[in-house]
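Trainee: Could you walk me through reading strand pairing and salt bridges in a model?

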Amino acid sequence: MELKQKIIIGLLIIGIILIAVYSPDFNRSYEETIINVHFNGIISKKNIDKQNHSQPKITFTTGDYVYLNDLIYRKISIGDSIYKSQGGKYVYILKSNSLDSLKYD
């Protein structure tokens with residue numbers, strides 16, 4: 001085996017090991033971020049933020065905004081109230097005549 005091939009194989013093995021070691025930390029960090037997010041308010045605007053990888057975004061009457069997953073984004077309407085507590089995993093959507101809860105992930 002040539003030296004170049006040995007170096008390439010060695011780098012690939014090191015890369016795979018690093019991915020395997022650090023991947024769980026990335027997932028845990030993402031989950032912690034989702035759990036620690038909290039928001040509440042009345043929705044004044046819905047849009048797809050094309051400058052941020054086409055993420056669904058809602059804006060509250062206060063001017064604050066949050067990015068949501070597609071399922072929640074499709075379920076809400078302008079004028080609805082939504083709430084997610086810090087440490088919680090669910091978003092509560094209050095419409096004029098109903099209350100829904102959806103998992104925030």
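Mentor: Let's take the strands, then the salt bridge.

Mentor: This is a predicted model, where local features need pLDDT of at least 70, side-chain atom pairs count only at pLDDT 80 or more, and totals for chains, interfaces and linings use all residues. Residues are numbered from 1 along each chain as its sequence is written, and side-chain values use heavy atoms, with hydrogens and water left out.

Trainee: Which strand does β1 join through four bridges?

Mentor: Strands are DSSP runs of E, at least two residues, and helices are runs of H or I, at least four, numbered from the N terminus. Two strands pair if DSSP finds at least two bridges between them. Here β1 (residues 39–49) runs antiparallel to β4 (residues 81–84), joined by four bridges, and I42 sits opposite S81 in β4.

Trainee: How many bridges link β1 and β2?

Mentor: Six, in the antiparallel sense, with β2 covering residues 55–60. D49 faces Q55 in β2. Five residues lie between the strands of this hairpin, and H53 has a positive phi near 60°.

Trainee: And how many salt bridges are there?

Mentor: The rule asks for a side-chain nitrogen of Lys or Arg within 4 Å of a carboxyl oxygen of Asp or Glu. That gives one salt bridge: K95 with D80, closest N and O atoms 2.7 Å apart. K95 is in the β5–β6 loop and D80 in the α2–β4 loop, so the pair ties together parts 15 residues apart in sequence.

Trainee: Is D80 buried or exposed?

Mentor: Buried means under 20% relative accessible area, exposed over 50%, partly exposed in between (1.4 Å probe, protein chains only). D80 is buried at 7%, while K95 is partly exposed at 24%.
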